[in-house]
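Hi everyone, thanks for making time. Let me put a structure up on the screen, and then we can walk through a few of its local features together.

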Amino acid sequence: MRDKKNKKKLQPEKREAATPHHIVSYIDNLKADIAAFFDLNAEQAFRPFDVHDHFGVHDKKVRLLFNEILHELEQDGRLIYNKNGTYAAVPLKTKQRGLTGRVDRVNKGFAFVVIEGRDDDIYVDLELLNGAWDGDIVEVQPLSRSIRSKSRDSARNRTEGRVTAIVERSNAEIVGIIEINPRFAVVQPDNKKLYDPIFLEPDEVGEARHGDKVIVKVTEWPTRRSQAEGQIVSVLGKAGNNDVEMHAILAEFGLPYHFPPEVEAEAQKIPDKIAKKDIARRRDIRDVLTFTIDPVDAKDFDDALSVRYLNEDVVEVGVHIADVSHYVLPGTELEKEAFRRATSVYLVDRTVPMLPEKLSNNLCSLRPNEDRLAFSAIFEITSKGKLLKEWFGRTVIHSDRRFTYEEAQAVLDSGEGDFPEELGTLNKLAKIFRRERFKKGAINFETPEVRFRLDPEGKPLGIYTKERRDSNKLIEEFMLLANKRVAEYVYSLSKGNDKNTMVYRVHEAPDPDRLQTFATFVAKLGLKLEVEDENKIAKSMNAMLAKVEGKPEQNLIESLAVRTMAKARYSTEDIGHFGLAFRRYSHFTSPIRRYPDIMAHRLLQHYLDGGANLDKEPYELASKHSSERERLAAEAERTSIKYKQVEFMSMMDPEKEFDGIITGVTEFGIFVEITETASEGLIRMTDLGDDYYELDKDNYRIIGQHTKKIYAFGDAVKVKVKETNLARRSMDLYLAGTKPGRRSEFSRPGFDRDSDRRSRERKSKEPRGSGRVKRGSGGTGGGSSAKVKRRRR
């Protein structure tokens, strides 16, 4: 029999009775609910009586309304009317082909399908995911309407849909921790967005031991009636070991660690010495003062600067980039592997290079006191920062000095040491270029980089944020200059209206709706952001960011501002770079670690040689591939940082109090970033024991029902660590001065919290799709009981 409590919840006429002025919206909602009921039970047919019974409808007028809606759905082509008086969902094969997008499983109960070029993502309930997992490419069929957000106070609409087909699985190999039981084994995925365990037969675990980190290949994907099954591909080792965890993160994102033997063999065959014939074809600037400035732990130096004074007012500055394209030739194994990787990956304790070590750390690294082949952009610049002349081409250079950022900064600060005049000149020009960029509309994002001090075993000894000083900004400005001018130069060599194909780094203007949402949000924090006039966005954004500089909420606001912007990507489309305020921009300066830079080098040389315009299509495909690999590498880096943050916090004194800032509010708790370590954790609602708190979503805060105490986004709080979970890379906190898990003496009127908890726990243990509803004879057979899937609200 149907649960009476569920029956009450499913009676739409009672749910909407309090808002008769929304009658049109009510009917639309009801129509969508009925359509979804048939979608969920597409293999069955139902009489009108069955539909009435499912929704708990007994009133005669409401039954007539339901019958009219069934007729309308038939007229709309959503339902089929059978001769025996039943209705059924239209078979998928006869429906319009759905949209194609990528699944973003943001929650255990639902996901969004992100469709390229579409402003709004499509919401898909768990029961309509059709077995799709996070990252899968799927076809999604929008349902009959847009529905309101679950928040009853929200006026925002969203489109709902259901997955009709899985086009491509994101990754058949999953990383997780194996749990071995007498009758079966199960792998719990590391990826937080993969909620389904993978089952294995006990005799298929091989050498794996309980608690090991493993890579498992999915052999049977889950359906509505069965769990996922798989087999072990590799045993990484004991969970918690640093090397095991870092390798697991790489495997989780499908990033390679070792080079294939044929790639290493090909690299080893490259001569160590530069041939005289190669020098003869190049501009020789080995006698010009040249140096590199890099992080203290850098091993590959792919850019160098040269300085030569031409007269009292003009200086020649060379930006010299490792000539990777001289060594990595089309059609070679090195080329294939560089394309496949597309980027180097930087985890907290290691670099996984795009190229083998012989190239990345040796032949292509602009090491001091060694001749090296380079691709150069050489500029003649006045003391006022005016560009007089530029030259692009292949060179041979000789670096005289390797500076770390700290060493170069010490020279700038003191005026003493190696090459103080040259460094001072470059710094003055860099500041001029920087001011000009901001004047033209560049946005000043200074998001902090989290770094770790590690012991030899990889255990974190401390966390700090990387400080950006003049020496960092000096290098940045000259790299920006070279990247911008290379893009402009290739464009200038175009003949007529047939513009030269080039790989650009592009960045669209922010989506107006997202920008408005961000502006509304910061307004509640007393900050103003101009969004109406596109020409004023950058200036207003910089002013707002300057206002929060040095304040506890700085990191938070800057991080949210970055997320509001569109993501930079690679493309052959010449659409400019909004964040830098450049009409054209490319990536030319890091070919050791970025495949698009290699493409830029090849294209530039092709046009320097007088070559005709090239077909865009292969370069566009390579650009999309590179953008996707860059995204995966960035996610892996963030994951490794999160892991080390949680590991470091797990070693803290449990009684230690930390200063924190509230970074998010949800129905289930508040997120807090600990200022000292930039680590984020969750204070669950159940651990706010002094009151019953409700979410005020529109104002980004929670409010105590009785005490009226408010915890809002951006508030400073003191917290302690309650629990850390390395397997899930998560951390639970609680407010200092309280006890975690303490039950409040307050409760919602008429709300039995313990009863509600028991109910939720009971439901969570029920297998998916276990609910049964008693049916009439209709389309399911006389008096039979049909298994019917209910739509989650």
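Predicted model: local features only at pLDDT ≥ 70, side-chain atom pairs only at ≥ 80, totals over all residues.

In what order do the seven strands of the open sheet run? The order is E14-E21-E20-E17-E16-E15-E22, and the pairing is mixed. At the edges sit E14, residues 283-284, and E22, residues 401-404, each of which pairs on one side only. E16 covers residues 303-309 and E17 covers 314-322, and the two are antiparallel, with seven bridges. If you'd like a pair to click on, take Ala-304, whose bridge partner in E17 is His-320.

Now to the hairpins. E23, residues 449-454, pairs with E24, residues 460-466, in the antiparallel sense over six bridges. Phe-452 faces Ile-463 of E24 across that pairing. Five residues separate the two strands of this hairpin, and in the turn Gly-458 has a positive phi of about 90°.

The other hairpin is made by E30 and E31, with four residues between them. Here E30 spans 693-696 and E31 spans 701-704, and they are antiparallel over four bridges. Asp-696 is opposite Arg-701 in E31. Which residue in the turn of E30 and E31 has a positive phi? That is Tyr-700, at about 55°.

For those of you who like checking backbone angles, a reminder: most residues other than glycine have a negative phi. With that in mind, here are two more residues to look at. Ala-342 has a positive phi near 70°, and its place is the loop between helix H10, 333-341, and strand E18, 345-347. Lys-708 also isn't a glycine, and its phi is positive at about 60°. You'll find Lys-708 in the loop that joins E31 to strand E32, residues 710-712.

Are these two buried or exposed? Ala-342 counts as buried because its relative accessible area is 3%, under the 20% cut-off. Lys-708 has a relative accessible area of 56%, so it is exposed.

Last stop, the surface. Glu-201, Asp-203, Glu-204, Glu-220 and Glu-229 form a negative patch there. Of these, Glu-220 belongs to strand E12, residues 212-220. Its relative accessible area is 46%, so Glu-220 is partly exposed.

Conventions. Residues numbered from 1 in each chain as written. Heavy atoms only, no water. Pairing = 2+ DSSP bridges. Patch = residues over 30% accessible without salt bridge, like charges linked within 9 Å, V, L, I, M, F, W, Y side chains within 5 Å. Areas by Shrake-Rupley, 256 points an atom, 1.4 Å probe, with all protein chains shown as cover. Salt bridge = Lys/Arg side-chain N within 4 Å of Asp/Glu carboxyl O. Lys, Arg positive; Asp, Glu negative; His and termini not counted. Charge placed at Lys NZ, Arg CZ, Asp CG, Glu CD. Buried < 20%, exposed > 50% of the residue type's maximum accessible area, 1.4 Å probe, protein only.
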